[in-house]
Amino acid sequence: AAATDTAAHLSPPPPTMSPLATHLALVAVAVLLSLPGVPAPSAPSKPAPVPAPAAVNCELSTCTYSACSVTCGGGTRTCTRTKTATESNGGSCDKSLTSSEACNPMACDAPPFPSPPPSPPPIIVTASLVASAKLTLASTVFGPTYNDATFKATILPTIAKAAGVPVSAVNISSVTKTSRRHGRSLLAAAVVVELQVSYGVDGATPSLNVAASKAVPFLTKALYMTNWLLPTTMQDPSNKGTTSLTAPAGANLTCPPKETYNDARALVEAKKYPDAARVLNVITLCAHTSSNVTAALDAKAMSDTYNLLGFSNRKMPSPDQEASELFYKRALQIDPKHVAANGYLGELYIETKRPALAREVLDDLKMMCPPPTGCYSLDYLRSAMAKDGQVEGAYVRQIQWKDCFGEVCSPVNVTVGDSLDFRYETNHNVVNVSSLADYTSCTMGTNVVGADTAGAAGYVSKYTEVGTHYLVCGKGDHCTRGQKAVVNVFPARAVLSKNGTAAPSYSKDTTMETASAAAGSRGTFAAAASAVVAALMFVVLG
């Protein structure tokens, strides 16, 4: 070891270059670097930066689906996911955990016919209401091809349908052809048909109610609208009928009835229409059993009963529009100016797509409910027509001018846009005077608006502005005898009707001038006052 150290210590030092040699070496290197193809020495490399950790987005599980909202026809279902890996290093998780998607797009099969509701158990008939009718028909209904048997077979189905019973419950007891003498000849006069319809009951109230709901329309048709019982080919204006009702003790029909018209009204106001109809049917059946049937059924109060019966049938869960029309028309046979029945019938015409008939009712109501009072029946019918897309159109009221002596036609109240059509013979005319004073004193002037030659065709005056007009007859002493009228033209206004739509209505301005206090208390204003009472009924029921 000592020898080794000594040898190392004694080794010569490495050779060193002289400054000149070092310079020459550097020059040689520079020359070599300038030669083409010789790469320059690379700069010493820096240490590489450490890369940032990669962003990691979240991960979600596969969908768990809810049940589809429908089994066919296209529905939706909900996809629910859970997070299986959390986002990190700035990663995102913008995926929704719930989403909705379409499902079951295939068409549905046609639904099977629903099973009919179970029939009520048959009643054990212990008694029968028997509605009898005697129909006197035009002789032409018994055609040359008929004999008694074929005639009965023709009318039996329609009578049974009108009575609401099977043909087995109808008995046509006789068919008689009557004649009348014309000189030495006997001519066919009429065909008289006598028949009975049996409505079986079991002595309990429910079966009586069912029987009454069928017997009342049948009796009403037979007695007042006989053509409703017959085939179309046998209907004739001369056809008429009489009826009677037999109600044995076992039928459980109590007359006078325990419940009244006011009870029925309360049920209508509570919207219990089947119960209201039940009460009204019993009231009507009892009227048919009265000792004086005609007086009982023609009583003014029965117009309200029939009107409410029509309303109840129309508002049933399953409306009976035919019965409703029958009862409204019967109410109007008793009282043609029954405001509520007119309004309801007009609404029924709208519902059954008979606009021309609805318009006729509207014009009748305009006569019954003139401005400024108007009536709710008129408002509601107008609203129903507007909602159905019907145009009300112009209203032309015809006035028989020759019948207006004693100022019975005054005042005439109309609204802007209405027209008056004056009809008269050549010994009358229509003069428009300028003031109330001239109207009162019959100072006529020369403003003849309706010449004496115009009355046969009709002098029509259309009123386009609010105001008052004074019309008199300028012939002879007609004006002093009261052949004159004040025409008040009222503006229209919109009111909110029961179904929420705007309906045109008369202005409630009562300041229009009238000829005298007496004129204001007669004629049209009196009719308007009675219309208000009927309108109140309409509001309650509507």
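**Cysteines and disulfides in this model**

Let me start with one residue. Cys 68 is partly exposed, with a relative accessible area of 22%. Keep that residue in mind. One point before going on: this is a predicted model.

Now, what does Cys 68 pair with? Its partner is Cys 103, and the two form a disulfide. Their sulfur atoms sit 1.9 Å apart. For anyone new to the topic, a disulfide is a covalent bond between the sulfur atoms of two cysteines.

Where are these two residues? Cys 68 lies in the loop between β2 and β3. Cys 103 lies in strand β5, residues 98-103. So the pair ties together parts that are 35 residues apart in sequence.

Is Cys 103 buried or exposed? Buried, with a relative accessible area of 9%. Cys 68, as I said, is partly exposed. The cut-off for buried is under 20%, and Cys 68 has 22%.

Next, the handedness. The torsion about the S-S bond of Cys 68 and Cys 103 is about 85°, so this disulfide is right-handed.

How many disulfides are there in the whole structure? A search finds 8. I will take two others from here.

Here is one of them. Cys 63 and Cys 79 form a disulfide, with their sulfur atoms 1.8 Å apart. Cys 63 is in the loop between β1 (59-60) and β2 (64-65). Cys 79 is in strand β3, residues 75-80. The pair therefore ties together parts that are 16 residues apart in sequence. Cys 79 is buried, at a relative accessible area of 1%.

Which hand does the Cys 63 and Cys 79 bond have? The torsion about the S-S bond is about -75°, so that disulfide is left-handed.

Moving along the chain. Cys 369 and Cys 375 also form a disulfide. Their sulfur atoms are 2.1 Å apart. Cys 369 is buried, with a relative accessible area of 0%. Cys 375 counts as buried too, at 5% relative accessibility. The torsion about the S-S bond of Cys 369 and Cys 375 is about 85°, so this disulfide is right-handed.

The cut-off for a disulfide is within 2.5 Å. Cys 473 itself counts as buried, at 0% relative accessibility.

Terms used:
Residues numbered from 1 in each chain as written. Predicted model: local features only at pLDDT ≥ 70, side-chain atom pairs only at ≥ 80, totals over all residues. Heavy atoms only, no water. Helix = DSSP H or I, 4+ residues; strand = E, 2+ residues; numbered from the N terminus. Buried < 20%, exposed > 50% of the residue type's maximum accessible area, 1.4 Å probe, protein only.
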